[in-house]
Amino acid sequence: MRLSGPQAEAIARSIFRPRNPDCPWHSHQLYLGRIIDSQGAVVDEVLLTLMRAPHTYTREDVVEINCHSGYGVLHRILQLALEHGARLARPGEFTLRAFLSGRLDLTQAEAVLEVIQARTAASLKVAAAHLEGRLGRSLRQARDALLDLLARVEAALDFPEEAEELAPEALAPGIEEQVRRLHDLLATYQEGRLLREGLLVVIAGRPNVGKSSLLNCLLNLERAIVSEIPGTTRDFIEESITLGGVRVRLMDTAGLREAQDRVEEMGVERTRERLAQADLVLYLVDGSTLLEEADCQALMELAGRAALTVINKIDLPLRLSEAQLQQISPFPIAAISALTGAGIEELKSRIVDLALGGGVKTAGEIITQARHYQHLGRGRDCLKQALALLEQTPVPWELTALELQEAIRELGEITGEEVGDAILDRIFGEFCIGK
Ligand SMILES: Nc1nc2c(ncn2[C@@H]2O[C@H](COP(=O)(O)OP(=O)(O)OP(=O)(O)O)[C@@H](O)[C@H]2O)c(=O)[nH]1
Ligand SMILES: [Mg+2]
């Protein structure tokens, strides 16, 4: 349990009895003792850490109490702290305070949640880099450079005699440099989003081609029911695995066909919805049978999407060749047996290749948040607009200054220099209490 604020120490000292009666109460030390209620009854034996401002997470006085973890104990100690004047933190309030006191910029505060939510080593690595503040630093450099450029334009506006000397050619390269920087960051988002949210891979195909068998095979687990009866799977089934450092959400679906009853019809409907959301589709066909009209139809409907056509059951005598399939499949083709596991390892690496161009590059700045992507995109557009204005004669300096200001504001929203309360509420509302 942790307390932050000017009363933290007083509240802690009124409920904690140190084992050493001459407790020195030095900052940044750990003390053994007991939590005592108002009747003097012992609640628990605990370790208490006192950390006085400013070298703390929130830059306020902070006390942390390590008690025995259990709902009853925690609840009782919390209640005692509240009785002595503490109040419950709001979600993310500790990190919000760290941000408001200037210890973290907004990208770092957001990274706290990213670290907590990271599920793979690769996403943790990117989150940790954000927590270190690399992204924030890079954006502040861009913002500072733009502020310098803006200052020159504004000086020219204030002193028209100098404006004559302000050549658009002298400003454009500086702006172009920042456009490139924002552009490079924007280009990392697809990868960043996949790292953060995981990749949704949907397995689709006609009934009985082995979709559920493939899901089980990739999971190494008998997760979905497999049977020789077409139409076995009716609802979709989702499970996660890690491939190439990325979390992959695998989804098995109901076979695509004219539904035989109302429930199957609902299943097929759901399959179509999931297909629309997929980052990658694995369209499965049964190599031991001939292609059907339904396969051609489904492959045509998927055209333009990221997909792989997968021939299954290659352990059986084949009636369908890769060459035949190539004529109708707009996608690359893989061949596997979900029964024997043949071709599965290769399929895994092709999934990663297709979705990410082979593994994730966790070096360099990567953006992972939709919020950052939007502000960067708008900032880049303003800068491009400013460049277009510089081409005009005479140059509309006032408008150019406005575009620069707007771009600077967009960058400030990411790092938190210029951010409204509503946005802060939304960001920190996602945290849990106590973070
Ligand atoms: N020989 C062979 N049989 C397979 C293979 N993959 C699946 N099967 C068999 O094909 C049948 C159908 O497999 P499922 O995994 O249930 O197929 P499905 O596509 O999920 O079928 P629905 O849920 O009905 O759409 C089962 O009898 C499996 O044992 C394979 O690679 N080789
Ligand atoms: Mg199935």
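Predicted model: local features only at pLDDT ≥ 70, side-chain atom pairs only at ≥ 80, totals over all residues.
Residues are numbered from 1 along each chain as its sequence is written, while chains are lettered from A and ligands numbered from 1 in the order in which they are written. Local features need pLDDT of at least 70, side-chain atom pairs count only at pLDDT 80 or more, and totals for chains, interfaces and linings use all residues.

Helices are DSSP runs (H or I, at least four residues) numbered from the N terminus. Helix H8 (residues 168–186) packs against helix H15 (residues 370–390) at about 155°, the axes being 9 Å apart; axes are lines fitted to C-alpha atoms over the stretch in contact, and angles run from 0 to 180 degrees between N-to-C directions. H8 and H15 are therefore roughly antiparallel, a term for angles over 145 degrees.

Contact means C-beta atoms, placed from the backbone, within 7 Å. Residues of H8 including Leu171, Ile175 and Leu182 meet residues of H15 including Leu376, Leu383 and Leu387. The contact has 14 nonpolar, four polar and three charged residues; Ala, Val, Leu, Ile, Met, Phe, Trp, Tyr, Cys and Pro count as nonpolar, Asp, Glu, Lys and Arg as charged, and the others, Gly among them, as polar.

Ligand 1 is surrounded by 22 residues, of which Gly210, Ser212, Ser213, Thr233 and Gly255 are the closest; a residue counts if its C-beta atom, placed from the backbone, lies within 6 Å. Helix H10 (residues 211–219) supplies the largest share of this shell, three residues.

Notes
Helix = DSSP H or I, 4+ residues; strand = E, 2+ residues; numbered from the N terminus. Parallel < 35°, antiparallel > 145°, perpendicular 65-115°, else oblique. Contact = placed C-beta atoms within 7 Å.
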